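Thanks for coming, everyone. Let me put the model up, and then we will walk through a few parts of it.

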Amino acid sequence: MTRYAEFHRRSITDRDGFWREQAALIDWQRPFDQVCDYSHPPFARWFVGGQTNLCHNAVDRHLQDRAEQNALIFVSSETGEEEVYSFRELHAEVQRMAAVLQSLGVKQGDRVLVYMPMIPQAAFAMLACVRIGAIHSVVFGGFASVSLASRIDDAQPTVIVSADAGSRASKVVAYKPLLDEAIRLAEWKPAKVLLVDRRMAPMERVAGRDEDHAALRQQHIDAQVPCVWVDATHPSYTLYTSGTTGRPKGVQRDTGGYAVALAASMKHIFLGQPGETYFSTSDIGWVVGHSYIVYGPLIAGMATIMYEGLPIRPDAGIWWSLVEKYQVTAMFSAPTAVRVLKKQDPKYLHQYDLSSLRALFLAGEPLDETTAKWIADGLGRPVIDNYWQTETGWPILAIANGIEPLPSKFGSPGFAMYGYDIKLLDEHTGEELTGANQKGVVVIEGPLPPGCMQTVWRDDARFVKTYWHSVPGKMVYTTFDWGIRDEDGYYFILGRTDDVINVAGHRLGTREIEESISSHPNVAEVAVVGVADQLKGQVAMAFVVAKDASGLTDAAARMKLEGEIMKTVDEQLGGVARPSRVHFVGVLPKTRSGKLLRRAIQAVCEQRDPGDLTTIEDPSALQQIKDLVCA
């Protein structure tokens, strides 16, 4: 048995002993009495009786040894701003923000909704909330008013923290009008709105409600606000999952378990060391931004880069220039971003000194082998896929090189991470599949490890109904993803269980077809959806962004490439998996966080209403598909 296999085995068989050791990675104001209370499955309570504080572990405890080291590095390629905060300076700013929030009436247990661009004040607000025991709920900046209103109603915040505007591709996105309309639509009315004025867009102030951040900050310039020690089980934040139907589903996270999980992951998975620099290209509006922009790196005593902008502005070397300038040792991005870079001049990968970078971590969508190999070869650095969810807060599958260096396999996020008792279940019988390369539903036997969701905010019944079901002798959490495990124990994720295409009785995962199409040398990106068909029930339809589209100006050239792609699928998966059509588009419809809007694509193909499109990055991308399939 390898070191990692033994490490994982012990996390399952000696759960309490294992997590007691990991809990030593953070500071506790009061030691916990019980590691895990699982007396009411599926609800797990971690480190019961203990008291701690997320902000203390992320900021205050580092003041003694590294007060003048970099903590938060803000870079905006949109505005040209660049600011660096040491731990001492970050500590001061967070206390000022905490004092401002308290002056607006925020108390322990109150909710604060954060609707912000990627600017330092957003991180200050998050850290200030957990410092005083308030519960933050970050909503992705620029979310449409109707969606924002529904989240306001669910979170019921005392205060909303926002800004005049953000910027994307040098286009100003005015936040304040969206926020004002959301508050008008919402039933719940916040007592106060705290506004950061970037002087990018005009703001109309509502008298008696809207407060200026700069003015209040100046009033509390010398603020000293101590950390409020909270129970380990006290909620730290709620974060709403995207793409849900009906009332938003707020993932509720605890404090102690989350701090321990992040501290352990920074050590065992991301190999973070105090004094180094971590660069996650995500947004604080998503779970990666919570775990691996704000909290994880700071808990580990690292500097964290907070980046506002695109990966290709001012050019495709911007990210790599930051790696060189700030000596980044670990970088975390998304496959979608790499596919965008794949279409740029490869010279940018070799223009900067990347010797400090130990690894590039990717997550958010399945990582196809072609993309993984391209970026790994280009950087000359290991590319480590990892798989997790908003609900889990940290990786489910990855490579824990901090325990034992093990090779990655292209297309696989790796092994089950410590604490996760993963099973593959037969979709029909619910029986566990123990053989190699058997396709099943990826589930986690309870309890979920520290750091995972406690429940759905204000809706325990929905938590149980949505995620959990019983199999003989146990309760399991379903990820809603298909997976296989090969003979070496590596997992491969094959797509959502609800992204299955049933073609004449053959059940096919869209992920499998996309992987095959991606292997064609002229394919940069692809989305495959199942479309209703009178004869076969469903057929697969593919939408492809070509690496070189210059030759696709006439129908004959498009037909030729379509034929080549179909032949590729025939050869790799068989004729049953061949798409009925391959359409060529300039861009695929995605959310602002980079996730493909497969449901919307499918709806357009079936001439149905695509539903809520408030998170779409470029509405014209969906219109382009509509024009193709409805022509």
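Tyrosine 278 has 0% relative accessibility, so it counts as buried (buried is under 20% relative accessible area, exposed over 50%, partly exposed in between, with a 1.4 Å probe and protein chains only). Before I go on, the ground rules. This is a predicted model: local features need pLDDT of at least 70, side-chain atom pairs count only at pLDDT 80 or more, and totals for chains, interfaces and linings use all residues. Residues are numbered from 1 along each chain as its sequence is written, and side-chain values use heavy atoms, with hydrogens and water left out.

Back to the rings. The structure holds 38 aromatic pairs. Rings of Phe, Tyr and Trp (its six-membered ring) pair if their centres lie within 6.5 Å; planes under 30 degrees apart are stacked, over 60 edge-to-face, the rest tilted. One of the pairs joins phenylalanine 270 to tyrosine 278, edge-to-face, 5.9 Å centre to centre with 85° between the planes. Which class does phenylalanine 270 form with phenylalanine 361? Their centres are 4.7 Å apart and their planes at 65°, so that pair is edge-to-face. It links distant parts of the chain, 91 residues apart. Phenylalanine 270 is in the loop between helix H10 (256–268) and strand S16 (277–280), while phenylalanine 361 is in strand S19 (residues 359–362). Helices (H or I, at least four residues) and strands (E, at least two) are DSSP runs, numbered from the N terminus. Phenylalanine 270 is at 2% relative accessibility, so it counts as buried. Phenylalanine 361 is also at 2%, and therefore buried.

**Strand S32 and its neighbours**

Now strand S32, residues 537–546. Nine of its ten residues are buried. Strands pair if DSSP finds at least two bridges between them. S32 pairs with strand S31 (residues 523–533) in the antiparallel sense, over ten bridges. There, valine 531 stands opposite valine 539. S32 also runs parallel to strand S33 (residues 581–584), joined by four bridges. Valine 544 has phenylalanine 584 in S33 as its bridge partner.

**The eight-stranded sheet**

Next, an open sheet of eight strands with mixed pairing. Its order is S12-S11-S8-S6-S7-S14-S15-S25. Where are the edges? They are strand S12 (210–212) and strand S25 (455–456), each pairing on one side only. Strand S7 (residues 135–138) and strand S14 (residues 237–240) run parallel, joined by two bridges. Serine 137 has threonine 238 in S14 as its bridge partner.

That is the tour.
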